[in-house]
Amino acid sequence: MSTNFNNWYVKSSYQDFVKREGVPLYEGSALEDLATLPLGDWERRGGKCAYTRMGNQEERNLQIVEIPPKGQLRPERHTYDAIMYAMKGRGASVIWQEGEPKQTVEWEEGALLAIPLNAWHQEFNSSADEPCRFFFGTNMPYVINLYHNLDFVFNNPFVFQDRYSHAMQNFYSDKGKHWEHRIFETHFIADIRKLVLDANPIRGHRHTVMALSMASTSIGMHVNECPQGTYMTAHRHYAGAHVIVVQGQGYEFLWMEGADSQRKKIPLKPYAVVSPKLNELHQHFNTGKGPFRMLAFRGNGGRYGWGRDYQRVSSTAQSKDRNASAFNISYEMEDPAIRQWYYGELERNGIPERLPPVNQRGG
């Protein structure tokens, strides 16, 4: 008896889920503006929504959501991690565990809020005349593909009391803790555009960064910044990182190594997102007057090492070995034309700053 393999094989439980949602799925290595991205009517929770499948991977994604004036979403809980960032408008999130009192957190543009694993949450628009828009950075694709059972993902009764409970009175009001290795642990940041960052010279002149650990999630995050007149060194790593501009303007180079590879130039402004494919080199440039700041979702969370030493993982991410899974091209090793092009952009924009000279040895 013959069987039809295509009727049996499931290519992606995550993509099947998005089709069920009836909203758009965006792919590729970059999106121009999450704040104006067309969304679809979202029957399951209300409001409007879209999902991403960027970098040709299904481990991390963005879920972009908009709530109309005076509107609200239906409550939900889920066994994937989610971090919420507010792009436009103002509103509030109500978070609670089954059988416990509810807690309300108010937010507006720039706020970053952790949704504790499998805790109930519901979002509200506080404005009477303007929509609010935000996105969640999640590991939803990985979890849905792993269990391929939506009832387990969205209707699981297990309560992670170690992640969140109403008894943790200062969960969202605590000022947070700055750990070594450029890590800040917190659960809510009112405006990440004002977050103080640490120096990170390996990524470029006057470059700063701060890794974030929020609600013990399995999602790695960091905020980085290129000051006026600077750019980051080129680098590559595993697919799945989503880098979202939250302040300033600039451009991105994306390319694969090889003699025939052409650098793709992508203009960047607030709420553009870049998500490179596996081994796709990328480089961030600040061409504006003022800082150029980005929020990145990538890799694993900062607290739990999955058997690996954090310092070793951090140094691997800065590797100069072209055969390494993560590879960084220093200013000295990059193509000299990159800096010449950049200085042309600065001159056109009337920006006088220049980087210190280097003894370049080619790319």
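**Entry 1. Thr-233**

I began with Thr-233, which counts as buried at 2% relative accessibility. The model I consulted is a predicted one. I located Thr-233 in the loop between strand S17 (221–226) and strand S18 (234–236). I then listed what Thr-233 touches, leaving aside residues up to four places away in sequence. The list holds Ile-202, Arg-203, Gly-204, His-282, Gln-283, Asn-328, Ile-329, Ser-330 and Tyr-331.

**Entry 2. Tyr-331 and its aromatic cluster**

I found Tyr-331 in one aromatic cluster with Tyr-231, Tyr-251, Phe-253, Phe-285, Trp-341, Tyr-342 and Tyr-343. I also noted that Arg-339 lies over the face of Tyr-331, at 5.0 Å from the ring centre.

**Entry 3. Ile-351**

I next looked up Ile-351, placed in the segment after helix H6 (336–348). Is Ile-351 buried or exposed? Its relative accessibility is 2%, and I recorded Ile-351 as buried. Ile-351 and Lys-289 are 62 residues apart along the chain, yet I read a separation of 7.0 Å between their C-alpha atoms. Lys-289 is also among the residues that Ile-351 touches, residues up to four places away in sequence not being counted.

**Entry 4. Helix H3**

I asked which residues of helix H3 (residues 140–147) are buried. They are Met-140, Pro-141, Val-143 and Ile-144. Looking down the axis of H3, I found these buried residues within an arc of 170 degrees, so they line one face of the helix. I then checked what this buried set packs against: helix H2 (13–21), strand S4 (48–54), strand S5 (61–67), strand S11 (132–138) and helix H4 (150–154). Just after H3, I noted His-148 with a positive phi of about 35 degrees.

**Entry 5. Helix H2 and its packing on H3**

In H2, I recorded Ser-13, Tyr-14, Gln-15, Phe-17, Val-18 and Glu-21 as buried. The buried residues of H2 pack against strand S1 (25–28), strand S3 (40–41), S4, S5, H3 and H4. For the two helices, I read a packing angle of about 105 degrees between H2 and H3, with their axes 8 Å apart. H2 is therefore roughly perpendicular to H3. Which residues meet where H2 packs on H3? I found Ser-13, Tyr-14 and Phe-17 on the H2 side, and Met-140, Pro-141, Ile-144 and Asn-145 on the H3 side. After H2 comes Gly-22, for which I noted a positive phi near 75 degrees.

**Entry 6. Aromatic pairs**

I looked up the number of aromatic pairs and found a count of 25. I examined Phe-158 and Phe-160, with ring centres 4.8 Å apart and planes at 75 degrees, so this pair is edge-to-face. Tyr-164 and Phe-171 form another edge-to-face pair, with 5.0 Å from centre to centre and 75 degrees between the planes. I then checked accessibility for three of these residues. Phe-158 is partly exposed, at 48% relative accessibility. Tyr-164 is buried, with a relative accessible area of 0%. Phe-171 is buried, at 6% relative accessibility. I also looked at Phe-154, where the charged end of Arg-44 sits over the ring, 4.7 Å from its centre.

I kept the background in mind: most residues other than glycine have a negative phi. Against it, I noted Lys-70, a residue other than glycine, with a positive phi near 65 degrees. Lys-70 is found in the loop between S5 and strand S6 (82–88). I recorded Lys-70 as exposed, its relative accessible area being 66%.

Asn-118, likewise a residue other than glycine, has a positive phi near 60 degrees. I placed Asn-118 in the loop between strand S9 (112–115) and strand S10 (120–125). Is Asn-118 buried or exposed? I found Asn-118 buried, with a relative accessible area of 2%.

Methods: Residues numbered from 1 in each chain as written. Predicted model: local features only at pLDDT ≥ 70, side-chain atom pairs only at ≥ 80, totals over all residues. Heavy atoms only, no water. Buried < 20%, exposed > 50% of the residue type's maximum accessible area, 1.4 Å probe, protein only. Helix = DSSP H or I, 4+ residues; strand = E, 2+ residues; numbered from the N terminus. Arc of directions from axis to C-beta. Contact = heavy atoms within 4.5 Å. Phe/Tyr/Trp six-rings, centres within 6.5 Å; stacked < 30°, edge-to-face > 60°. Lys NZ or Arg CZ within 6 Å of the ring centre and 35° of its normal. Axes fitted to C-alpha atoms, helices over the stretch in contact; angles between N-to-C directions. Parallel < 35°, antiparallel > 145°, perpendicular 65-115°, else oblique.
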